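Please view the sequence and the structure first.

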Amino acid sequence: MEQADVVVLGGGPAGAASAIWLALAGRHVVVLDRARFPRDKPCGEYLTPAARAILDHLGLGQALEAAGIRPVRRTVLHGAHGRQYEYGARQDAPVGWSLRRTALDALLIAAARDAGADVREETSARALARPAGSGRTVVSGVGPGRVPFEIESPVVIGADGSHSLAARYAGLGRALQRLQRVALASHWHGIAGPTDAIEMFASGPAVFGLGHPGPGEGSVLTLVVP
């Protein structure tokens, strides 16, 4: 059976950033993700100043700039009854940052590998088990070609999203009896409007967001709660 210091479930921003930090500290880290990168997914494509600071601390500042990260100077909320609320930058400090999710995920996965993490794409964790008295967790699942694997580790990080295997195993997740919400995302070129702002429009059960993660490009995210 394979051994690791840490197994990270999920190679998105949280999982990849954790893997970078741990690998730079000399830990043997294995990252498992069922997707193949670069991958796209519905996302607001927005980083808070705190998130940007973490990535800068990991030494990724220049890579983010090269990938085309853009400062967000204002956030604007349009209410259902015509009211508008705006939050702007203080002392010219951005209120956030915008970058295509495909670019961010690919950058972080590459950085995790460069730091020494063992990143395994198209690999799904299916079960967790903790043998009595071992103080370690066995992660089992299937990799490319449906080849089974087992990895034993004292630490498992659950960064595997809303249907987290780790959360369910720890008793922190709950089964959803029905569809909770629907999210749709699209990217358009030539959208008019302020390119330094993220705008949110609320109407009834739906929320519509518009950002600009790239030059001349608009990112549209619609979230509908049934």
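## Nonpolar cores

Which residues in the largest nonpolar core touch the most other members? They are I20, V29, L55, L60, L108 and A117, out of 28 residues in that core. A nonpolar core here is a set of buried Ala, Val, Leu, Ile, Met, Phe, Trp, Tyr and Cys residues joined through side-chain atoms within 4.5 Å. Buried means under 20% relative accessible area, exposed over 50%, and partly exposed in between, with a 1.4 Å probe and protein chains only. The model is predicted: local features need pLDDT of at least 70, side-chain atom pairs count only at pLDDT 80 or more, and totals for chains, interfaces and linings use all residues. Residues are numbered from 1 along each chain as its sequence is written, and side-chain values use heavy atoms, with hydrogens and water left out.

Helices (H or I, at least four residues) and strands (E, at least two) are DSSP runs, numbered from the N terminus. Helix 4 supplies the largest share of this core, seven residues. Apart from this core lies another, of 11 residues, which include A4, V7, F149 and L165. L60 is in contact (heavy atoms within 4.5 Å) with I20, L55, L107, L108 and A111, leaving aside its neighbours within four places in sequence.

Four strands in the order 9-3-2-13 form an open sheet with parallel pairing. Two strands pair if DSSP finds at least two bridges between them. At the edges are strand 9 (118–120) and strand 13 (155–158), each of which pairs on one side only. From one strand to the next the twist averages 15°; angles run from 0 to 180 degrees between N-to-C directions, and axes are lines fitted to C-alpha atoms, for helices over the stretch in contact.

Four bridges join strand 2 and strand 3 in the parallel sense, and L9 has L32 in strand 3 as its bridge partner. Helix 1 packs on the sheet and touches strand 2, strand 3 and strand 13. The direction of helix 1 makes about 165° with that of strand 3.

## The mixed sheet

Another open sheet has four strands in the order 1-12-11-10, with mixed pairing. Strand 1 (2–3) and strand 10 (124–129) each have a single partner strand, so one side of each is left without a neighbour in the sheet. Strand 10 runs antiparallel to strand 11 (residues 137–142), joined by five bridges. S124 stands opposite V142 in strand 11.

## S153

S153 belongs to strand 12 (residues 148–153) and is buried, with a relative accessible area of 0%. Not counting residues up to four places away in sequence, S153 touches A4, D5, V6, V7, R136 and T137.

## Helix 4

Helix 4 has 15 residues and reaches 21 Å from its first C-alpha to its last, close to the 21 Å expected at 1.5 Å a residue. Its buried residues are R101, L104, D105, L107, L108, I109, A111, A112 and A115. The cover over these residues includes helix 1, strand 4 (46–47), helix 2 (49–57), helix 3 (61–67) and strand 9. G116 follows helix 4 and has a positive phi, near 115°.

How values were computed: Expected span 1.5 Å × (residues − 1).
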